[in-house]
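Here is a short briefing on one protein structure. Take a look at the sequence and the model before reading on.

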Amino acid sequence: GMLPGELFVHRNVANVVVHTDLNCLSVLQYAVDALKVEHVIVCGHYGCGGIAAAMENRAVGLADNWLCHVKDIRDHHQRMLAHAGDAAVDRLCELNVLEQALNVCRTTVVQDAWRRGRHLAVHAWIYAVSDGLVRDLNFCATAEADATALSLRQKRMEILGSNIANAATPHFKARDIDFEAAYKSAMDNGELTKTAAAHIDVGG
């Protein structure tokens with residue numbers, strides 16, 4: 001397993017990365033510049049209560065203001081989600097993680113690190129509480145060009161998805177990962193060092 005301090009974690013409802021959120025940005029800046037992390041992981045989970053509330057336009061209180069960010073993603077991908085049927089909330093969970101990973105790439109913290117030639121990779125993962133497995137959403141950006149390409153891929157997926165009626169499978173194919181095994185492998189291969197991963201997690 002992982003020892004205390006091997007993951008530097010920031011959590012919020014629906015794992016949202018907002019460019020005016022100084023809490024999130026401060027955690028990211030400290031992780032990148034002070035702790036010298038090499039991997040930033042945006043990790044959500046299926047069945048997220050915040051995502052479900054945004055999808056259903058259900059009022060939960062003060063957090064409704066925060067979830068407007070997720071509702072923007074919902075509205076942007078409205079046609080794709082309409083084809084997802086009962087899996088719409090899970091698809092929105094995936095889309096949200098991908099969008100927030102792009103937001104991490106667009107922060108001045110990450111942009112400046114890449115300009116300095118730092119090795120810094122941004123990943124988008126999601127896990128299912130039912131089986132505990134992490135699923136890689138096939139997003140890994142190590143430079144601004146990667147982020148741009150991944151953004152364009154997402155737009156293409158959106159166009160493709162909007163033209164498929166009754167889609168029954170995720171538009172973003174995920175491969176199952178045993179988190180502990182993947183982390184240990186990365187450590188053994190020198191891809192991660194102690195305190196080498198910042199993890200923007202979900203709280204709910």
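The points below go from the whole chain down to single residues.

This is a predicted model. The protein has eight helices and six strands. Its mean pLDDT is 81. Of its 204 residues, 49% count as buried.

**Overall layout**

- Along the sequence, the elements follow the pattern β-α-β-α-α-α-α-α-β-β-α-β-α-β.
- Take the contacts between residues at least 6 apart in sequence: 71% of them join residues at least 24 apart.
- The accessible surface of the protein is about 9800 Å². Carbon and sulfur atoms hold 55% of that surface.

**Confidence**

- In the protein, 75% of residues reach a pLDDT of 70 or more.
- Where is confidence highest, and where is it lowest? Helix α1 is highest, at a mean of 97. Strand β5 (residues 175–177) is lowest, at a mean of 41.
- Over residues 161–183 the pLDDT is below 50. This stretch still has 49 contacts in the model beyond near neighbours in sequence.
- Residues 190–196 also have a pLDDT below 50. Their stretch has 21 contacts in the model, again beyond near neighbours in sequence.

**Strand β3 and its partners**

- Strand β3 covers residues 121–127. Six of its seven residues are buried, so the strand is largely enclosed by the rest of the structure.
- Strand β2 (residues 39–45) pairs with β3 in the parallel sense, over seven bridges. In this pairing, Gly 44 has Ile 126 of β3 as its bridge partner.
- Strand β4 (residues 134–141) runs antiparallel to β3, and five bridges join the two. Here Tyr 127 has Val 134 of β4 as its bridge partner.
- β3 and β4 form a hairpin, with six residues between them. In the turn, Gly 132 has a positive phi of about 75 degrees.
- His 123 lies in strand β3. Is His 123 buried or exposed? His 123 has a relative accessible area of 13%, so it is buried.
- Leaving out residues up to four places away in sequence, His 123 touches His 39, Val 40, Ile 41, Val 42, Ala 101, Phe 139 and Cys 140.

**Cysteines**

- How many disulfides does the count give? The count comes to zero.
- Cys 93 is in no disulfide. Its nearest cysteine sulfur belongs to Cys 48, 5.5 Å away. A disulfide needs the sulfur atoms within 2.5 Å.
- Cys 93 counts as buried, at 2% relative accessibility.
- Cys 105 is in no disulfide either. The nearest cysteine sulfur is that of Cys 140, at 9.1 Å.
- Cys 105 counts as buried too, at 1% relative accessibility.

**The aromatic pair**

- A pair of aromatic rings is described by the distance of the centres and the angle of the planes.
- A search of the whole structure finds one such pair. Phe 8 and Tyr 30 form it, and the pair is tilted. The centres are 5.7 Å apart, with 40 degrees between the planes.
- Which elements does the pair tie together? Phe 8 lies in strand β1 (residues 7–12), and Tyr 30 lies in helix α1 (residues 22–34). The pair therefore ties together parts that are 22 residues apart in sequence.
- Phe 8 is partly exposed, with a relative accessible area of 27%. Tyr 30 counts as partly exposed as well, at 41% relative accessibility.

- Asn 96 lies in helix α5 (residues 88–106). Asn 96 has 0% relative accessibility, so it counts as buried.
- What does Asn 96 touch, not counting residues up to four places away in sequence? Asn 96 touches Ala 14, Asn 15, Ile 51, Val 70 and Ile 73.
- Ala 147 lies in helix α7 (residues 144–162). At 10% relative accessibility, Ala 147 counts as buried.
- Neighbours within four places in sequence aside, Ala 147 is in contact with Leu 102, Cys 105, Trp 114 and Ala 141.
- Ala 147 and Val 104 are 43 residues apart in sequence. In space, they are 9.7 Å apart, C-alpha to C-alpha.

Terms used:
Residues numbered from 1 in each chain as written. Predicted model: local features only at pLDDT ≥ 70, side-chain atom pairs only at ≥ 80, totals over all residues. Heavy atoms only, no water. Buried < 20%, exposed > 50% of the residue type's maximum accessible area, 1.4 Å probe, protein only. Helix = DSSP H or I, 4+ residues; strand = E, 2+ residues; numbered from the N terminus. Pairing = 2+ DSSP bridges. Phe/Tyr/Trp six-rings, centres within 6.5 Å; stacked < 30°, edge-to-face > 60°. pLDDT = per-residue confidence, 0-100. Contact = heavy atoms within 4.5 Å. Areas by Shrake-Rupley, 256 points an atom, 1.4 Å probe, with all protein chains shown as cover.
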